[in-house]
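Hello,

Here is the structure I promised to pass on to you. Have a look at it first, and then read on for what I found in it.

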Amino acid sequence: MQQEKFSELVMLTRKAFEEICMELVSCEFSPCERFILEYPYKTAVIIGMTGSVNGRIHLECDLETAAKIALTMNFGERFDNPNDVYAYMAEFANMIGGRATTYMSEKFLGGEIRLTPPAIFSGKSLGILTPNIPSQIVYYSGNLGRFFIDIGYK
Amino acid sequence: MTTEISLKEPLIQACSELLPKFGLKYSFVEEISEKTLNSAESINLLVGLNHGIQGNIILGLTSQAALRIVAGIIGEDEVFTLDNQGRNALSDFMTMIARKAVSKLEISTAVDISPPTLITGDTVFSMISKIPSQKLSFNLENTTFSISYCIE
Amino acid sequence: MLKVLVIDDSPFIFKAVKKALENSVFDVVDNAGNGKIGLEMYEKYAPDLITLDVTMPIMDGVETAKALVAKNPNVKIIMLSAMGDEALLSQAKEIGVSGFLRKPFKPEELLNKAKEILGV
């Protein structure tokens, strides 16, 4: 993929992430220096993209940040089922992916871009990579915690 | 799109066509229904599906199974670490399994497959759909592997 | 009260719709996790308005909208989707969907759209 188009796709994905965070949980996540998530348990959401853009978006944070995001989405009300945190994170990532692909469709007219269902992984010492896909990681910090978003397009 | 499609037979057939090619002896054990949030293996490969069908497939591997499959693919007797070459081999293997399986589905629209993502970790849990998934278990020589899938 | 049925597989969206429409003329009666259940609930509740997700398991929003319009050509549907591309919008219009909102929506956006569609 041409470097220029790759940079554009990354920029549009970042824009989608920042907007959704603001609209959904009223949290301004700002790009920050690289960090290592301090809590051992991490939560990652992966959404694949196919069609005229082939790639994936990978969001990752510690479990505590995920719980804060989900709780804020749930209007501050505690969950009856703790697993709902994952369902809410899936919806959060889906909105980011949806917004990003909408921008991509608008920018690169023609060609449908499709999203695969969000897949969530949680665990200790998570390592996630998509071989043979150029990607860029952007680190974010906000009052709900810290996130990184790994954006890869082929 | 309304779907009542199972990937069980296509995935089993895909394994039967691919694994022997790499000199791997395996057997299908069983299919079980899972919940939405499930414990996963320490090495997992994920591909997403859309267009013709929408869903996710995860290949779950023990470290031993991952190294055995890599050795089979690259034509070595044994492999001791999962390096870059090994990760690429597993990624290609996952693509092959997914492509073979979806090609066996009797649906009119082509299925798109997202690039495989490798997920490793300890005490890993996964949720590949908001609806329960199915898990196919296999024996692979002295170890095991599984393929979980969910079609939405 | 005007009855609203939510057809969406996300518990978050159900909650968000309920919050947006509470203390108004609307009563959110139930949540169907997919289109198939949604069609059954449509028969059960005869809602005045439906909010409909696009991507759902079993039966997606586009198929569900077509089935709902086939049952009742005057059915009022607001389609909610994370994706807002032109192709989807024009497909929704063609089917006969009354309104379209992009997720995440503001509570007042949904309330105003619902009022506008039902003329209240």
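**What I found**

Chain A exposes about 6,200 Å², and carbon and sulfur atoms supply 48% of that area. Accessible areas here come from the Shrake-Rupley method with a 1.4 Å probe, and for residues only the protein chains shown count as cover.

Before you go further, please note that this is a predicted model: local features need pLDDT of at least 70, side-chain atom pairs count only at pLDDT 80 or more, and totals for chains, interfaces and linings use all residues. Residues are numbered from 1 along each chain as its sequence is written, chains are lettered from A and ligands numbered from 1 in the order in which they are written, and side-chain values use heavy atoms, with hydrogens and water left out.

**Chain A as a whole**

The pLDDT (the predictor's confidence in each residue, from 0 to 100) averages 92 in chain A, and 98% of the residues score at least 70. Chain A has three helices and seven strands; helices (H or I, at least four residues) and strands (E, at least two) are DSSP runs, numbered from the N terminus. In order from the N terminus, the elements of chain A read α-β-β-β-α-α-β-β-β-β. With a radius of gyration of 15 Å, close to the 15 Å that the globule rule gives for 154 residues, chain A is as compact as a globular protein of that length. That radius is taken over C-alpha atoms, and the globule rule is 2.2 Å times the number of residues to the power 0.38.

Along the principal axes, the C-alpha atoms of chain A fill a box of roughly 45 × 30 × 25 Å. Of its 154 residues, 58% count as buried; buried means under 20% relative accessible area, exposed over 50%, and partly exposed in between (1.4 Å probe, protein chains only). Among the contacts in chain A with a separation of 6 or more, 69% come from residues 24 or more positions apart, where contact means heavy atoms within 4.5 Å.

**From chain A to chain B**

Which strand of chain B pairs with β5(A)? First, inside chain A, strand β2 (residues 41-51) and strand β5 (residues 119-129) pair in the antiparallel sense over six bridges. Two strands pair if DSSP finds at least two bridges between them. Val45(A) has Ile120(A) in β5(A) as its bridge partner. On the chain B side, β5(A) pairs with strand β6 (residues 117-127) of chain B, antiparallel and over seven bridges. There you can find Leu129(A) opposite Leu118(B) in β6(B).

**Inside chain B**

Chain B averages a pLDDT of 93, with 97% of the residues scoring at least 70. Strand β4 (residues 55-61) of chain B runs antiparallel to β8(B), joined by seven bridges, and Ile57(B) has Tyr149(B) as its bridge partner. Seven bridges also join β7(B) to β8(B), again antiparallel; here Lys135(B) is partnered by Ser148(B). β7(B) and β8(B) form a hairpin with two residues between them, and Glu141(B) in the turn has a positive phi of about 50°.

Ser137(B) sits in strand β7 (residues 134-140) of chain B and counts as buried, at 17% relative accessibility. Beyond its neighbours within four places in sequence, Ser137(B) is in contact with residues including Phe28(B), Val29(B) and Phe145(B).

Asn44(B) belongs to strand β3 (residues 43-51) of chain B and is buried, with a relative accessible area of 1%. A polar atom of its side chain lies 2.7 Å from the backbone oxygen of Glu41(B). Not counting residues up to four places away in sequence, Asn44(B) touches several others, among them Ile58(B), Leu118(B) and Val124(B).

**One residue in chain C**

Leaving aside neighbours within four places in sequence, Val29(C) is in contact with Lys3(C), Val4(C), Leu5(C) and Tyr45(C).

Enjoy exploring!

Definitions and conventions. A polar contact is a pair of N or O atoms within 3.5 Å; within protein, one must be able to donate a hydrogen and the other to accept it, and residues adjacent in sequence count only if both atoms are side-chain atoms.
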